[in-house]
Each structure stands twice: as C-alpha cells, then as structure tokens.
Amino acid sequence: MTIIKNILISGAAGQGIDTAAVIFEDALFAAGYHVFSNKDYMSRVRGGNNFVQIRFSENELHSHSDILDLCIALDEEALTINKDLSSSIPFVADKSLEKEHGNHLYSEDFRTMAKDSGSEKAFTSAISGYVWKYFGLDIQILKDTINKNFNEKLADINVKAAQKGFDAGQIKEALSPKQKHDDHIFINGNQALAFGSFMAGCKFYCAYPMTPSTSVMNELAKYAQTYPIIVEQAEDEIAAINMAIGSSFAGVRSMTGTSGGGLSLMVEGIGLSGISETPLVIINAMRPGPATGFATRTAQGDLSFILTASQGEFPRVVLAPKDQADCFRISLRAFELADKYQLPVFILTDQFLADARKNIKEFDPEEYIVSSYLADDLNMDDYTYQRYKLTENGISPRIYPGQYDNQVVLHDSYEHDERGHDTESAYYGTAMMDKRMKKEELVKDDLIEPELLGVPYAGTMILSWGSSYGAVKEAIERLNEGGFSVFGLHFSDLWPLPVKNLKKFCAKSQHLITVEHNYTGQLAKLVKQETGISVTDKVLGYDGRQMSPETIYAKIKEVLS
Amino acid sequence: MSSVFDHNFEIQWCPGCGNFGILKALKAALDKSGKNPSDVSVVSGIGQSGKTPHYVNTNGFNGLHGRALPVASGLKISNPEQLVIVHGGDGDGYGEGGNHFIHGIRRNLDLNYFVHNNQIYGLTKGQASPTSSLGTASGIQPSGTIMEPINPLKLAMSLDCGFIARGFSGEPAHLTELMLEAFAYKGFAYIDILQPCVVFNKVNTYSWYKERAYKLDSNYDFSSKASALEKMEEWDEQIPLGVIYKKEKPEYFEKASLTNPPKVQSSDHKQYWNEILSLYK
C-alpha cells in the first residue's frame with residue numbers, strides 16, 4: 001500500500017506559517033518524499049486564518065487532497081476553525097491552547113521550548129521537530145534544512161527548538177527512510193514561470209504588484225541581482241504593459257504580469273501589441289472577480305475575458321499551464337510563439353498553481369530551443385525597410401531600432417501601410433487585417449492537443465483546463481477504480497483551440513462533463529463555439545478554493561448516479 | 001536645406017499649425033546632434049503631436065493615447081544606446097497620461113519629453129484641455145470650462161525634475177537650441193512647447209504669444225528654485241522661454257547600478273541554467 005500523508009498547518013498571518021511550511025516541505029523532500037503543498041491565505045498582513053496543506057508520498061503526487069492525517073494548529077482560532085475535521089485526525093498545538101476538543105490533541109509546551117532556545121518565534125520549529133518525531137524521521141535532515149533556510153543566528157535558535165520538540169515527541173507512525181531525488185527540483189508555479197521565462201531569454205519584466213502574480217516579479221527580481229534581466233515596477237498596469245511593449249520594440253524579450261483587475265487596465269495595451277505586431281508575453285494569475293473580488297483566492301474566471309480582451313480583432317495565443325513543470329515549458333513556448341508570430345501570448349495561471357509547490361524532475365536544457373526570429377540578413381537600399389511588409393504567410397521580417405545603421409523601424413497603433421504609416425486606405429484596411437489574422441491560422445501548427453486522461457471511448461468524457469489537472473486526473477483514476485467508465489481531455493493550449501482530439505474522442509462519447517473553477521463553464525462555451533459540441537453537465541466551483549480530487553470525484557459521481 | 005531626417009510622407013496638420021515649427025526645430029536639432037537616423041527613436045501617443053514620428057526619418061513608435069512615456073521608458077531601459085525623444089500633447093501627456101509624467105520624472109531615465117501644448121484638444125475638435133484657461137468655451141463647455149488649468153512646469157518642479165524648459169513653436173531656432181540642451185542633459189529633460197492651434201484656439205494665437213514671450217538671458221540663474229518658481233508663475237503679462245530649471249541628478253541606470261545589465265543582442269541564458277536550477281534543489 002502506497003503511503004500518502006497529508007498535514008494541515010493552520011494559523012494566523014504573521015505567525016511564520018509560510019516559513020514553517022517551507023522548512024517542513026523542504027525537509028520532507030530532502031528525506032526522499034514526493035511533496036505537494038498548497039496555500040490558502042487571507043488578504044491581510046496579520047491575523048485571520050491561513051493554512052498550508054503538505055501532502056507527501058513515496059510516489060509522485062499531482063494534487064492536494066481533503067483527506068488529512070494531522071492538523072497543526074498554531075493559534076486558538078485554528079483549533080476552532082478546523083473543529084469540524086473528522087475526529088480521527090489528531091491535532092498538534094501548544095500547551096497554552098489546550099481546551100475541550102473532539103479530536104485527540106497532542107500538546108506540549110512548544111513556546112517554552114522556543115524561548116529556552118533563544119526566541120519564542122521559533123515555536124513553529126519546536127512543533128516541526130515534534131511532528132518529525134511523530135513520523136519517525138531522521139532529525140538531522142530537519143536540522144540541515146533549517147540551517148539552509150535561516151541565517152546562522154536564527155538557524156541556531158531554530159535547530160535547538162526543533163531538537164527540543166523532537167525529544168518531547170513520540171513515534172506514532174514510523175515512515176521508512178527514502179533516497180532523496182537528486183535529479184528533482186522543488187518549485188511552485190510562479191517560480192517555474194520565472195525560471196522558464198528567464199531561460200527563454202526574457203530580459204525585461206515590468207509589472208505593478210498584484211496578488212497572485214507578484215511572486216513572479218519577486219522571483220525575477222532575485223535573478224536580476226546577478227543575471228541579465230531588468231525588473232521594473234511600473235506606476236500602474238497601463239504603464240506596465242506599455243513599457244513591456246516599448247522594451248520588446250527595442251528588440252528584447254519582454255513580459256508583464258498581473259491578475260484580472262490589472263489585466264482590465266492593460267486591455268488597450270493588448271490591442272496595441274496586436275496591431276503593432278510587437279511580441280509580448282502576459283501572465284494573468286487569476287483570482288475570483290469581478291473588481292477586487294477574492295484578492296488572495298483562486299479561480300478560472302478569466303478565460304472568456306482573455307479570448308476577446310481589447311476592441312477589434314487580432315491574433316493572440318492563450319496557454320494555461322497544468323502544473324509546475326508545465327509552467328516552465330509554457331513560459332518558454334510563450335516567448336517563442338510571441339516572437340515567431342509577433343503577437344501577444346497569454347499565460348493563464350491562478351492563485352492555486354502560483355503558490356502550489358511540487359517536486360518535479362529537472363528539465364533537460366537540450367530539450368528546449370530558444371531561437372531568434374529577428375531578421376539578421378537584410379540587404380536593402382537605405383531607409384527602405386518596411387516593418388509591415390505584406391508577405392505570403394503574414395509574417396513580416398522584424399528588426400529593432402539600431403539593428404541596421406541604414407534602416408529605421410516604425411511601429412504604429414493606427415491601421416497602417418507597409419512602412420508603418422497611418423493610413424485611411426480601404427486596401428490596407430483589408431490587407432493588414434488579412435495579414436494579421438493569417439498568423440492565427442499559422443500558429444495552430446505550433447499548438448498542442450489536449451492531454452488524454454485515462455482510456456478513451458469510455459462512457460463519460462471530462463473536459464478540464466489549466467491548474468485543475470492534478471485533481472481531475474486523480475478523480476478520474478478513482479472513478480475508474482470505483483467502477484465508473486470515465487476519461488478526460490485536459491487543455492493547456494486554449495487559443496486557438498486545438499480541436500482534433502475533441503472531435504476524435506467526442507464523437508463516440510455518450511456523456512460530456514466540464515470541470516471548471518468558474519460559474520458559467522467557460523471552456524465548455526469555447527468548445528461549443530469552436531466545434532458545436534455541447535457538454536451534458538457542468539461541475540463548477542467558484543468559492544475561491546481549488547476543488548480537491550475528492551470533491552471532483554463526488555460531484556462527477558453525483559452526476560453519473 | 002535637405003536633411004537625412006527628412007521623410008517624404010504627407011503631413012496631416014492644418015496649414016499654419018504650430019506643430020510645423022516644432023517639427024522644423026526637431027529636424028534641425030537632430031541634424032546638429034550628429035546622430036544617425038537609426039540611432040534615434042521618436043515615440044508618441046495620440047493627438048496632433050502623436051503624428052510626429054511619421055514625419056521624420058528616424059525609428060518611431062506611435063502608440064496609444066497618453067502612453068508614449070511608458071513605451072519610451074521600456075525602449076530606453078532595454079536599448080540605452082538609442083536617443084529617445086517623446087512627443088506628447090497637453091491632452092495626451094497632462095490629461096490621459098498624467099500619471100506617467102509624474103512617475104517618468106521620478107524614474108529619471110535619459111529621455112527627452114517634448115510636449116506640444118496648444119491648450120486645446122485639436123484631434124477631437126476643440127474641447128478644453130488640462131492647460132486651457134479657466135472659462136475656455138467649447139462645444140462641450142459652452143459656458144466655459146470650470147476646471148482650473150494645471151501649471152505643468154510647477155508640477156514638474158514639485159517632483160524636482162532636473163531639466164524644465166519652455167519653448168515656443170514660433171521661435172524654432174531658439175527651440176532647436178533647447179532641444180539640443182535637452183539631448184545633452186543626462187536624465188529626464190522636459191520641454192513644454194507653446195504651440196498655437198490655428199483652428200480651435202482663438203485666444204492663444206501666434207500674436208498673443210509673440211506679445212508675451214521673451215527669452216531668458218544669460219543672467220538668469222536656472223539653478224535657483226526660487227527664481228524658477230517665480231518664472232513658472234508668469235503667464236498673463238509675459239511668458240519666459242528657455243531653460244527655467246536645471247540640476248544634475250543621478251539618472252535611472254546610475255541609480256539602478258545593475259551588476260549584469262542585459263544587452264539587446266541575443267544572448268543565451270542557458271549558461272545560467274545550473275545556477276538557477278540550484279535555487280530550487
């Protein structure tokens with residue numbers, strides 16, 4: 001039987017819950033386990049209730065889960081809020097919080113242990129040590145991880161606190177030691193986007209901070225301390241997208257990132273990238289809207305918006321990574337597609353994936369090709385270069401200012417002629433629209449069909465997209481184990497919508513269910529628009545929380561029963 | 001006299017438009033700068049000023065209304081070798097894009113920001129602009145605008161902009177010299193250029209400006225904040241032309257002190273693969 005454990009750490013903002021979780025996760029990873037963690041936090045700096053779920057196993061994990069094995073409560077509210085959890089789940093909390101509780105409560109004087117180690121703030125490390133013992137793990141691994149994550153002075157205090165917690169604990173469920181996966185990295189979605197973008201050659205990231213996109217900016221700003229990339233905080237999202245466009249015009253791979261509210265401000269700029277054919281990568285990390293919505297929670301509510309954001313018609317590409325490794329792959333592809341076809345490319349992620357951490361196999365650099373799509377062999381008379389030259393496939397040779405000392409380049413937001421001058425000409429109105437829209441046909445060759453989950457042609461087909469991949473995959477597996485015939489198509493590339501697999505598998509499908517984190521079933525609408533195929537049922541979540549495999553399983557089962 | 005910066009594209013401004021003087025001054029300044037057209041980028045937004053990139057033989061970006069400064073900022077950050085000149089208008093730059101004016105000054109990139117200020121909306125046919133005098137009547141404000149005009153020079157001053165000048169399209173030779181001084185200034189160089197709109201602004205005409213405009217002479221101390229603020233207040237009786245305030249300040253790249261600034265030329269980031277990978281081990 002495969003061992004899967006799931007720990008909940010629950011507490012108030014400002015209690016060091018993130019640091020404690022990261023250390024615990026890192027230590028589990030170092031101990032040879034596969035780890036998947038996800039965050040749930042409130043839009044405040046202090047107080048409230050936040051939690052992190054840390055799920056670990058000897059096999060690869062693709063999703064979070066509702067099935068818990070242990071709950072660590074850092075404050076009284078955490079005890080109260082989680083009191084509805086199944087009574088079989090033990091709690092660990094500080095002695096000072098001891099009170100009537102339906103569940104078994106392991107309480108020790110963690111705060112005193114921390115105080116005796118040098119700082120009461122280290123009480124989370126004392127708890128970590130205690131839980132580490134609970135699972136019978138090697139304390140040295142936890143200590144090494146603490147040393148890696150703190151400066152010397154703090155490390156010393158926290159190592160002591162962890163040891164005290166460990167000594168006070170008892171082994172309850174001894175887990176066998178594993179070999180660390182040396183060829184794995186441990187990364188969250190936004191870090192993987194930053195990593196992939198930098199490897200794609202991104203040299204300029206410009207944004208206005210907005211949850212849950214901000215951690216991409218933080219990560220790239222970390223790189224900028226050492227590596228050739230500039231991160232600029234703009235005065236607003238309108239400036240952010242226009243600066244990124246200016247930088248791309250300058251010949252540099254450029255990106256901006258935001259969440260729905262910021263994207264709403266960027267909308268005119270998206271059209272500017274479209275008509276001026278200035279390559280641009282835009283990350284939209286979704287949270288529930290409209291307006292300010294649920295500021296720190298998750299949703300898939302922006303797909304329909306992204307597909308037509310900005311007035312008029314122009315080609316665009318929309319990609320939604322399914323997991324952390326896909327964040328990396330898709331950011332590389334996004335830059336290649338933006339440059340190759342000279343258009344805006346969206347990366348549609350969300351709070352869940354942005355913050356969810358998972359260990360994944362290292363990428364092989366040889367697998368990824370980074371190309372230059374700039375025209376490096378122009379041989380033209382002085383100042384005869386035409387930025388929007390009409391070509392057979394719609395793609396004009398692109399150069400940047402100063403690339404050739406006898407040519408200049410003009411980008412225009414107006415409808416324009418081939419050189420880039422404003423025009424009122426009916427001929428160019430048609431010719432330029434045709435030219436741009438040809439690229440949307442062409443880009444289809446570079447898009448990837450949805451991934452098949454399970455065995456096709458079974459009775460029921462599930463449609464899903466983006467970050468729900470892991471949970472849907474797990475739910476489909478469980479449904480099949482439970483005697484239901486279910487398979488799925490999971491979309492990462494969303495626009496232009498790849499339809500081959502849909503048409504191939506759907507013809508014989510009896511029953512079609514879409515699983516999405518929005519109210520209207522936006523993928524289902526898109527599928528209907530592009531193929532005429534209608535879904536039979538919708539499994540939708542729009543409470544700002546990522547549906548677990550258990551929830552999806554139960555909801556699909558309900559539909560099928 | 002022909003110039004390498006001449007460009008044969010039909011000019012869409014009204015005959016007699018103040019923009020002709022600005023274009024003339026720009027081309028003369030570019031000629032005198034000794035720059036090659038491929039080393040210069042003219043960036044604009046929307047409005048009559050926005051058409052400027054189409055009328056000079058340089059690189060150009062005619063972007064969105066009010067958003068010329070951000071485009072120019074991204075361009076300058078990623079390709080600092082370019083001489084970047086931004087042409088805005090009073091509606092474009094002080095209205096729609098006012099936020100970028102404020103933060104552009106704070107960022108202090110080595111940009112040249114030339115605002116064609118005709119105190120009226122030309123392209124949309126004569127509405128009051130942020131610099132229109134109180135009471136300026138239009139189709140939308142038949143009884144006159146009740147909005148008080150902004151004093152853009154004082155706005156720039158409040159942000160300690162290191163180069164604040166005022167030019168006049170009716171004095172292109174003088175404007176050329178101002179532009180050259182702006183090119184030479186390392187940082188955000190801002191010139192508010194008074195420019196009659198011959199169609200919609202019947203008050204602030206060539207003769208109205210000619211009666212009031214005077215050039216600051218060599219006795220004027222542009223390093224004094226007090227004198228600058230005094231000059232910036234002048235309007236109804238007389239209007240000063242020239243560099244009104246100037247001081248040396250660290251520009252963007254000096255402040256950023258980047259350890260490893262990116263280059264435009266393609267470079268392979270894969271050389272950093274293992275180092276970055278190790279962050280996540």
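Tutor: Let's start with a term: a salt bridge here is a side-chain nitrogen of Lys or Arg within 4 Å of a carboxyl oxygen of Asp or Glu. By that rule, two salt bridges cross the interface of domain 2 of chain A and domain 4 of chain A. A:K322 and A:E451 form a salt bridge through their side chains, at 2.4 Å from N to O. Keep in mind that this is a predicted model, where local features need pLDDT of at least 70, side-chain atom pairs count only at pLDDT 80 or more, and totals for chains, interfaces and linings use all residues. Side-chain values use heavy atoms, without hydrogens and water, and residues are numbered from 1 along each chain as its sequence is written.

As for where we are, domain 2 spans 186-367 and domain 4 spans 451-560 of chain A, with bounds from an automatic or database domain assignment. Their C-alpha centres lie 26 Å apart. Counting contacts (heavy atoms within 4.5 Å), 27 residues of domain 2 of chain A meet 24 residues of domain 4 of chain A. The buried area, meaning accessible area (1.4 Å probe) lost on putting the two parts together and summed over both, is about 2000 Å², with carbon and sulfur atoms giving 53%. On the domain 2 side, A:Q300, A:L303 and A:K322 supply 35% of the area buried against domain 4 of chain A, more than any other three residues.

Note on methods: Chains lettered and ligands numbered in written order.
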